[in-house]
Amino acid sequence: MPLCAAAPSCRRLLTRAALGCWPAPASRARCSAAGSGHGQQRADGKSNVITGKSGSILTIGINRPEARNAINRTTALQLLEAFTAFESDRAFTAAVLYGRGGNFSAGYDLKELAQDAHAVKYEQDVTKDPGPLGPSRMQFSKPVVAAVSGYAVAGGLELSLLADLRVMEENAVMGVFCRRFGVPLIDGGTVRLPKLIGLSRALDLILTGRPISAQEAYEFGLANRVVPDGQAFQCALELAEQISAFPQNCMCADRASAYYSMFDASCFTEALQYEFDNAKDVISKESISGARNFISGTGRQGKFS
């Protein structure tokens, strides 16, 4: 399986193991700032979402470790705010979404739902309102990488599907755990999951709600990298930096075409037309200079650095 290419500690072959958790990194020394909170603060003065900046990468951390990073209304709004800022700021080339304190996210906060029947307000038109988890109905123009540790289940699984790539720790677990409690997937889970791993495998997870390990998630194509426990965040950050080093107009055009082909095109010809129309301006912006770099010797023999 592919491991994080940039970190030597992430290159070793991994084996399946029992469920485990990892502590959130104590510091973000590589970030330009320790991070900032978004929106309403908790009673203890901390924010439910912590953001930081590492070069051109925005890091977005879910910060409710006492609830396995379950998403309540406040957290959903803060996540929406953070991702809206990411999408609108051209200085950011990619984002890394992660959970602090050992788990990615246990999904929607069922305690809040049980205690407040009006916790989820329904808008019939999904284009007019954010999803219950916040950014779940957004479509991004730039890459997002999810660093998955501990549990990424129910709505937490849905949040991970927002990302282009998922870096999963070897003892992390995914699953539609909300199946047990009659809570439906209404944050894009039934839309994105079949597209990513195929209908048959998606239905296996959706209908049974069973947990799957990092190894099985990788075999399904749900996890893109499997890394040792405690290294998902660092490897996801390095992956985001690697992606950000490529010519951005070209990469984002190809990314947009892939998404259009998968979710929006009505036929093969329409997808081809979008691919051409979306990329034709890149030739003059980046391809000609890239070809000249190749002629001068850059990138020969498959080198990426």
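Asparagine 103 counts as buried, because its relative accessibility is 6% and buried means under 20%. This residue sits in the loop between strand 4 (94-99) and helix 2 (110-115). A polar atom of its side chain lies 2.9 Å from the backbone nitrogen of tyrosine 151. These values come from a predicted model.

**Overall build**
- The protein chain holds 10 helices and 10 strands.
- The chain has 305 residues, and 47% of them are buried.
- Take the contacts in the chain with a separation of 6 or more: 69% of them join residues 24 or more positions apart.
- The chain exposes about 15300 Å². Carbon and sulfur atoms supply 55% of that area.

**The largest nonpolar core**
- This core has 48 residues.
- Leu79, Phe83, Met174 and Leu222 touch the most other members.
- Several elements each supply at least two residues of this core, including strand 3 (57-62), strand 4 and strand 5 (144-148).

**Phenylalanine 83 and its contacts**
- Which residues does phenylalanine 83 contact, leaving aside its neighbours within four places in sequence?
- The residues in contact with phenylalanine 83 are Ile60, Leu97, Pro135, Met138, Phe140 and Val144.
- Phenylalanine 83 is also one of the core members that touch the most others.

**A second core**
- A separate core of 19 residues also exists.
- Its members include Tyr98, Val227, Ala232 and Leu237.

**A nonpolar patch on the surface**
- Val191, Tyr259, Met262 and Phe263 form a nonpolar patch on the surface.
- Together, these four have about 330 Å² of accessible area.
- Which helix gives the most to the nonpolar patch? Helix 8 (residues 248-263) does, with 3 residues.
- Valine 191, another member of the patch, is found in helix 4 (residues 189-197).
- The cut-off for exposed is over 50%.

Methods:
Residues are numbered from 1 along each chain as its sequence is written. This is a predicted model: local features need pLDDT of at least 70, side-chain atom pairs count only at pLDDT 80 or more; totals for chains, interfaces and linings use all residues. Side-chain values use heavy atoms; hydrogens and water are left out. Helices (H or I, at least four residues) and strands (E, at least two) are DSSP runs, numbered from the N terminus. Buried means under 20% relative accessible area, exposed over 50%, partly exposed in between (1.4 Å probe, protein chains only). Contact means heavy atoms within 4.5 Å. Accessible areas come from the Shrake-Rupley method with a 1.4 Å probe; for residues, only the protein chains shown count as cover. Patches are made of residues with over 30% relative accessible area and no salt bridge: like charges are joined within 9 Å, nonpolar side chains (Val, Leu, Ile, Met, Phe, Trp, Tyr) within 5 Å. A salt bridge is a side-chain nitrogen of Lys or Arg within 4 Å of a carboxyl oxygen of Asp or Glu. A polar contact is a pair of N or O atoms within 3.5 Å; within protein, one must be able to donate a hydrogen and the other to accept it, and residues adjacent in sequence count only if both atoms are side-chain atoms. A nonpolar core is a set of buried Ala, Val, Leu, Ile, Met, Phe, Trp, Tyr and Cys residues joined through side-chain atoms within 4.5 Å.
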